[in-house]
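Biologist: Hello! Could you walk me through this one, a question at a time?
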Amino acid sequence: MVLNLKTHMRVHTGEKPFVCALCGKRFSDSSNLKRHQSVHTGEKPYVCKTCGKRFKHDNTLRVHMTSHTGEGPYSCETCGKGFSYKPALNMHMRIHTSERPYSCEVCEKTFKNQIALRRHIKTHSGEKPYACNTCGKAFTTSNSLMVHRRIHTGEKPYSCQTCGKCFGRSDSLLNHTRIHAAEKPYTCNTCEKKFSHSSNLERHKRLYHPN
């Protein structure tokens, strides 16, 4: 109880005695520091038991689990999928609308969310702070480094529940499962033709609706 009170009092005092040795960022309690350190290490200790996808934080895993159960107070009117948070629903809706509201000021390429835009901007700056300790190859994001490491380890944590085939990347599994489901979630706004992958939709637009 005394320790909890001491930690709580830091909310009022602003005291942050726990410091990250790598970047100097300060935190009010040790658990937040430990959670932050995964940004530098790329560690993702929380694993989805359904699809094998890994997460840095337990609350992110809990939100992800709703994508399998379909639970959540916010549901998509198009496909019925449920979400715990409205921003997650709004982001999901862009699958159906193909809306990409975030654009790069350098090359004008557009993205569905700010995370993807920030990741893309690093391709212009050349910043690659995450290096593989096996071969030295560097990456713009910790997630890219984690995926790359599987080349060395042979790890394939994502398995198809229909045929058992395993993959090193979650997006590779998602693309594969559409073979079984014949799912086509990407729709052309001009002619309403449907596609299983966003890249196929973009190719279709360039060929048939260039303007």
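Biologist: Glad to have it in view. Which feature does UniProt place at residues 18-45?

Modeller: The UniProt record is an unreviewed entry, and it lists this feature at several spans. UniProt positions are given in the numbering used here, feature names are shortened, and annotations may be inferred rather than shown by experiment.

Biologist: What should I keep in mind about the model and its numbering?

Modeller: This is a predicted model, where local features need pLDDT of at least 70, side-chain atom pairs count only at pLDDT 80 or more, and totals for chains, interfaces and linings use all residues. Side-chain values use heavy atoms, leaving out hydrogens and water, and residues along each chain, as its sequence is written, are numbered from 1.

Biologist: How many helices and strands are there in the protein chain?

Modeller: Helices (H or I, at least four residues) and strands (E, at least two) are DSSP runs, numbered from the N terminus. The C-alpha trace they belong to spans about 65 × 45 × 40 Å along its principal axes. The count for the protein chain is eight helices and 14 strands.

Biologist: What percentage of the 211 residues count as buried?

Modeller: Buried means under 20% relative accessible area, exposed over 50%, and partly exposed in between, with a 1.4 Å probe and protein chains only. For the protein chain, the buried share is 27%.

Biologist: And what share of the contacts with a separation of 6 or more joins residues 24 or more positions apart?

Modeller: A contact here means heavy atoms within 4.5 Å. Among the contacts in the protein chain with a separation of 6 or more, residues 24 or more positions apart account for 12%.

Biologist: Let's take residues 74-101. How far apart are the end C-alpha atoms of helix α4?

Modeller: The span 74-101 is 43% helix and 14% strand, with its own end C-alpha atoms 21 Å apart. Helix α4 covers residues 86-97, which is 12 residues. The expected span of a helix is 1.5 Å times one less than its number of residues, so α4 should span 16 Å, and the model agrees at 16 Å.

Biologist: Which strands do the buried residues of α4 pack against?

Modeller: The buried residues in α4 are L89, H92, R94 and H96. Just after the helix, S98 takes a positive phi of about 65 degrees. The packing partners of those buried residues are β5 (74-75), β6 (82-83), β7 (102-103) and β13 (186-187).

Biologist: Which residue meets R94 in a salt bridge?

Modeller: A salt bridge is a side-chain nitrogen of Lys or Arg within 4 Å of a carboxyl oxygen of Asp or Glu. The N to O distance is 3.9 Å, and the partner is E99.

Biologist: How many salt bridges are there in the whole structure?

Modeller: Besides R94 with E99, E155 and R150 pair at 3.8 Å, N to O. In that pair, R150 is buried at 6% and E155 is partly exposed at 36%. R169 and D171 meet at 2.9 Å, with R169 partly exposed at 41% and D171 partly exposed at 35%. The search of the whole structure finds three.

Biologist: Which helix gives the most to the lining of the largest cavity?

Modeller: On a 1 Å grid over the protein atoms alone, a cavity is a set of points where a 1.4 Å probe fits but cannot get out, and lining residues have an atom within 4 Å of a point. Grid points are joined across faces, edges and corners, and a volume is the space filled by probe spheres set on the points; the largest cavity holds about 40 Å³. Its lining is R94, S98, R100, K112, Y186, S198, L201 and E202. The helix that gives the most, with three residues, is α8 (residues 198-208).

Biologist: Is H148 buried or exposed?

Modeller: H148 lies in helix α6 (residues 142-153). Leaving aside neighbours within four places in sequence, H148 is in contact with C132, C135, K137 and F139. At 7% relative accessibility, H148 counts as buried.

Biologist: Finally, how far apart in space are A131 and L145?

Modeller: A131 lies in strand β9 (residues 130-131) and is partly exposed at 44%. Not counting residues up to four places away in sequence, A131 touches G136, K137, A138 and L145. A131 and L145 are 14 residues apart in sequence, and their C-alpha to C-alpha distance is 7.0 Å.

Key:
1 Å grid on protein atoms, 1.4 Å probe; cavity = no way out; pocket = protein on both sides within 12 Å on 5 of 7 lines; lining within 4 Å.
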